[in-house]
Amino acid sequence: MQLADRVQHLKPSATLAISAKAQELKAAGHDILSLSVGEPDFPTPKHICDAAKNAIDAGFTRYTAVPGTPDLRAAAAGYFKQHYGVQAGPENIIIGNGGKQCLYNLFQAVLNPGDHVLIPAPYWVSYPPMVELAGAKPVIIPSTAEAGFKISVAALEAAHTPKTRMLVLNSPSNPTGACYTQKELEAIAAWAIAHNVLLAADEIYDQLVYDGKTPLSLAPMWEKNPEHVVVLNGTAKTFAMTGWRVGYALAHPDYIKAMTRLQGQSTSNVCSVAQKAAEAALRGGLAEVEVMKKAFERRRNLAMDIVNTWPDVLCPRPQGAFYIFPDMHHHFTKAMPDSTAMCAFLLDKAGIAAVPGAAFGNDNCLRFSYAVSDETLESALTKVGKTLFG
Ligand SMILES: Cc1ncc(COP(=O)(O)O)c(C=O)c1O
């Protein structure tokens, strides 16, 4: 059978693959604790589910406009006004099938073959393949645990060439939980604008920040520089809505129109019922989100208390999202030489599923998700410690 070159080179998502493998083992009767998941373990809040049920009962089951219903686009624009004081209208918003499709459409809409896209590592697994699918070249900028997994303007400057077209910045980060400060965000945005580089700010975890921190966004920078900044977000992580597949992008109307043309020839609108649910989420306040956030913060603390007892392991304290990303390379051996081998060993010997850092562009680390119950988290991380360090 002959397949297209673009598919031959396309790797399956490592995070989805590990979760599937853990589920398979579980189904076969093995005792598996999975810390590989990238989704909140809470149910979608009731008022959001009710909005979807009402939409079905009202017969809201037909095609909608490709970039989303006017009401949902207005609600997403309202989100940026409410939280970040930014004036935006429906014309600045596209609703996509998750933040994932918004990112995909953005890359397809702005990148040409040969363009370079700066991607700080550790990065979310899908950025490099999506950039490649657009014919462009991912240029990875490494960071270290010692530097809190953040990159500097100097590193951007060093990676910049005349081919640099775009920078993807994810804060809070999956997989590290690192959050850039307001000052750092502004410095990076100022650098991008000065170099005519489009800054794609993936803010899908914006509300999930801890230690009393206020959510931060590049939306205010977008308002001042709409041709140089695009903000991506979605309902999945904030509102425990991963399966509903509703994401959104805030961008200059010309980018929105280009992304809409792509979406119109590929998937069309996001499920009409899910759009109604997302509207209820975005308009319904953050009371439930606060409850989930408190649980994530408690689990972050619990995870860090355990990981801090591990010898020769460096793990910057995550300030957001729901992952820890400890650097375990001091425990690699000849038989277990990298993060993939260590994850295979943990799954085999301890029944713990984690994701190899290699999938995120850092082969020294492992990603553990703390979007699981306190009991599962404590028991799984204690087992990891016992298995690796005795
Ligand atoms: C950093 C980051 N961006 C984007 C996404 C996409 O989210 P969704 O497509 O579920 O909205 C994810 C999901 O794991 C993520 O971790």
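This is a predicted model: local features need pLDDT of at least 70, side-chain atom pairs count only at pLDDT 80 or more; totals for chains, interfaces and linings use all residues.
Helices H5 and H6 (127-133) each supply at least two residues to the lining of the second largest pocket. Below is a short tour of the second largest pocket, with a volume of about 510 Å³, and of the largest one, at about 800 Å³.

**The second largest pocket**
- Its lining has 19 residues, and those closest to the centre are Lys11, Pro12, Val125, Ser126 and Pro129.
- H6 gives the most to this lining, namely five residues.
- Sorted by class, the lining of the second largest pocket holds 13 nonpolar residues, three polar ones and three charged ones.
- Domain 1 (5-43 + 287-389) and domain 2 (61-283) each contribute at least three residues to the lining of the second largest pocket.

**The largest pocket**
- Here 39 residues form the lining, and Leu16, Gly38, Glu39, Lys237 and Thr242 lie nearest the centre.
- Four elements each provide at least two lining residues: helix H2 (14-27), strand E1 (33-34), helix H5 (98-110) and strand E7 (229-234).
- H2 has the largest share of this lining, with seven residues.
- The lining of the largest pocket divides into 17 nonpolar, 15 polar and seven charged residues.
- Domain 1 (5-43 + 287-389) and domain 2 (61-283) each give at least three residues to the lining of the largest pocket.

Key:
Residues are numbered from 1 along each chain as its sequence is written. Side-chain values use heavy atoms; hydrogens and water are left out. On a 1 Å grid over the protein atoms alone, a cavity is a set of points where a 1.4 Å probe fits but cannot get out, and a pocket is an open set with protein on both sides within 12 Å along at least five of seven lines; lining residues have an atom within 4 Å of a point. Grid points are joined across faces, edges and corners, and a volume is the space filled by probe spheres set on the points. Ala, Val, Leu, Ile, Met, Phe, Trp, Tyr, Cys and Pro count as nonpolar, Asp, Glu, Lys and Arg as charged, and the others, Gly among them, as polar. Domain bounds come from an automatic or database domain assignment.
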